[in-house]
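Student: Please go through this model with me, one question at a time.

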Amino acid sequence: MNKPRGKRPVRALLRALDRALLGPVMSAGAFIIERRVVRAIKNKPTAARATGDGADRSQEQG
């Protein structure tokens with residue numbers, strides 16, 4: 001007659017918690033990854049950076 005409903009409230013609670021935390025957790029992860037990428041770019045030697053004038057340097061040397 002009545003089905004056991006032991007798991008449904010728990011599942012609904014977990015789903016609501018997942019949806020509530022998914023946005024902030026993903027935003028924090030994106031922020032951390034962005035900071036690491038920017039730090040890695042800044043820590044590269046200046047010769048390895050793509051400045052756009054690499055062709056000009058080779059023409060000046062040759």
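Student: How far apart are the end C-alpha atoms of H1?

Tutor: This is a predicted model, where local features need pLDDT of at least 70 and side-chain atom pairs pLDDT 80 or more, while totals for chains, interfaces and linings use all residues. Numbering starts from 1 along each chain as its sequence is written, and side-chain values use heavy atoms, leaving out hydrogens and water. H1, a helix (a DSSP run of H or I, at least four residues), has 36 residues and so should span 52 Å at 1.5 Å a residue, counting one less than its number of residues. The distance between its end C-alpha atoms agrees with this, being 51 Å.

Student: At which residue of H1 does the kink lie?

Tutor: The kink is about 35 degrees, taken as the angle between axes fitted to the seven residues ending at a residue and the seven starting there. Shortly before the proline Pro-24, it lies at Leu-22.

Student: Is Leu-21 buried, partly exposed or exposed?

Tutor: Leu-21 lies in H1, which covers residues 8-43. Buried means under 20% relative accessible area and exposed over 50% (1.4 Å probe, protein chains only), so Leu-21, at 45%, counts as partly exposed.

Definitions and conventions: Helix = DSSP H or I, 4+ residues; strand = E, 2+ residues; numbered from the N terminus.
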